[in-house]
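Student: Could you show me how to read a structure like this one, feature by feature?
Tutor: Gladly, let's take a look together.

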Amino acid sequence: MSSAEGLAVDRVHVWRGERHVLKGVSCTVRPGELLHVRGPNGTGKTTLLRVICGLLRPEQGEVRWDGAPTERVRASFQRSLAYASHEPALKGDLTAIENLAFTVGLKRPVRRTELEAFLRRTGAAALLDLPVRMLSAGQRRRVALARVLALESKLWLLDEPYTNLDAGGVALLSELLAEHRGRGGLALVVAHHEVPAVSDRLELAA
Amino acid sequence: MNDVQAWPAEAGVGAGAALALIVKRDLCLSFRRPEQLLQPLVFFLIVTTLFPLGLSLELSTLREVSPGVLWVGALLASLLSLDALFRSDAEDGTLEQLVLSGQDLTLIVIAKTLAHWLVSGAALVLVSPLIALALGMPVGVFATMLASLALGTLTLSWLGAIGAALTVGLRRGNVLLSLIVLPLAMPLLIFGAGATDRALADLSTSGALYLLASLCLFTSTLAPFAAAAAVRIALE
């Protein structure tokens, strides 16, 4: 394994208007590692995730994937990541399976049976053919989690994934994270919730 | 370790398949909300019915103004649905998932705009003969009218994609969207209504139609890039 393999965030600065949100944040995540990002509200945890996945360009510093700046390898880097934002990012008028077939289908060819298996894994199998607007917030979170699994991506970027999950859901997520790391996957989790078995913690201060 | 096998998403999906998937999904979403599909069409019908009430019920007078009436009605009706082009995806977070799909954002904009045109512009073109008949337009003019409206609404969708992308971050962007798009749509109205007018007067229409076609080509090559850049800024 080369030393550059994985994700490296190198002295990233972001201003939002007059506010200096990220002040030279650095971190690295290597294959098999889980980084827990913590900090009070408004310290730029979501901003950091958005910078990493390329939705937001930092004013200074850079993000590297396997040693290459992500700016330069944007398309291939984005194919390697699964980003679960704070909102579940599901279309209310489509069923769970249609939602997944679409977003996953843009990244890799996928069959319905495969998606059903992922939804079963996250405990959302009973909801397959219901329009997502009829699901509860926790059920939507489980569908969004099934999408992260179905994307089969090496890097997981999860923003407050524990929100709205019941105790079973919380245990399931921890299990899934452990499995992902076992496969050599990387994960970066923003959470106020305690995340078990993390490799490292990043504290963002106000 | 064979990375592609371990992480299947890294191989990616071809541009053609992605384009078809986005168009299919947007059409599916539109048909789940049939009322939103029908609203611009009903608006088109009502606006064009207002003109005879305000002007004159004389068929010869109506025939003279019918190209302009049809065109203004179609322009306004297709503006109605433009606002939703990116907004609903931006609000529920699916636009971020699209942008992060590893597919070219320009391609995503092209697919979404085409899907939008199919359910707005193309639908308006299909109902326009009904209105044209009611306004006393001779059937011989229909071919020109349909061709000009098809080119015009498609061009408007491209222009509208830029406007919709620029206003996607605003809470109430639809008025601003109209203010951005309508001035740009003036040449369309001039040549589109002009082509139909000339057909009514039995003159050659090819000049105006070629101009419309060139405007359509021009916008379809440039607008996706401009709209993609605007979407990227809106997400920041």
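Predicted model: local features only at pLDDT ≥ 70, side-chain atom pairs only at ≥ 80, totals over all residues.

Tutor: Residues are numbered from 1 along each chain as its sequence is written, while chains are lettered from A and ligands numbered from 1 in the order in which they are written.

Student: How do I read a strand, and which way do the residues of β7(A) point?
Tutor: In a regular strand the side chains alternate between the two faces of the sheet. Here, A:L155, A:L157 and A:D159 point one way from β7(A), while A:W156 and A:L158 point the other way. Helices (H or I, at least four residues) and strands (E, at least two) are DSSP runs, numbered from the N terminus.

Student: How many residues of β7(A) are buried?
Tutor: In β7 (residues 155-159) of chain A, 5 of its 5 residues are buried. Buried means that 20 or more other C-beta atoms lie within 10 Å of the residue's own, with exposed at 12 or fewer and partly exposed in between; C-beta atoms are placed from the backbone.

Student: Which strands pair with β7(A)?
Tutor: Two strands pair if DSSP finds at least two bridges between them. Strand β6 (residues 81-84) of chain A runs parallel to β7(A), joined by 4 bridges, and A:L81 stands opposite A:L155. Strand β8 (residues 186-190) of chain A also pairs with β7(A) in the parallel sense, over 5 bridges, with A:D159 opposite A:V190.

Student: What is the strand order in the open sheet of 4 strands in chain A?
Tutor: The order is β2-β1-β4-β5, with antiparallel pairing. β2 (19-29) and β5 (68-69) of chain A stand at the edges with a single partner strand each, so one side of each has no neighbour in the sheet. Strand β4 (residues 60-65) of chain A pairs with β5(A) over 2 bridges, and the bridge partner of A:R64 is A:P69.

Student: Now a helix: why is α1(A) described as largely enclosed?
Tutor: Because 8 of the 9 residues of α1 (residues 45-53) of chain A are buried, this helix is largely enclosed by the rest of the structure. Among the buried ones are A:K45, A:R50 and A:C53. Just after α1(A), A:G54 takes a positive phi of about 95°.

Student: How should I describe two packed helices?
Tutor: Two packed helices are described by the angle between their axes and the distance between the axes. The axes of α4 (residues 112-121) and α5 (residues 137-151) of chain A come within 8 Å and cross at roughly 125°. Axes are lines fitted to C-alpha atoms, for helices over the stretch in contact, and angles run from 0 to 180 degrees between N-to-C directions. α4(A) and α5(A) are therefore oblique to each other (under 35 degrees is roughly parallel, over 145 roughly antiparallel, 65 to 115 roughly perpendicular, the rest oblique).

Student: And where do chains A and B meet?
Tutor: 25 residues of chain B are in contact with 29 residues of chain A; contact means C-beta atoms, placed from the backbone, within 7 Å. α2(B) gives the most to chain B's side, with 5 residues. Chain B itself has 11 helices and 0 strands, and its C-alpha trace spans about 80 × 35 × 30 Å along its principal axes.

Technical notes:
Contact = placed C-beta atoms within 7 Å.
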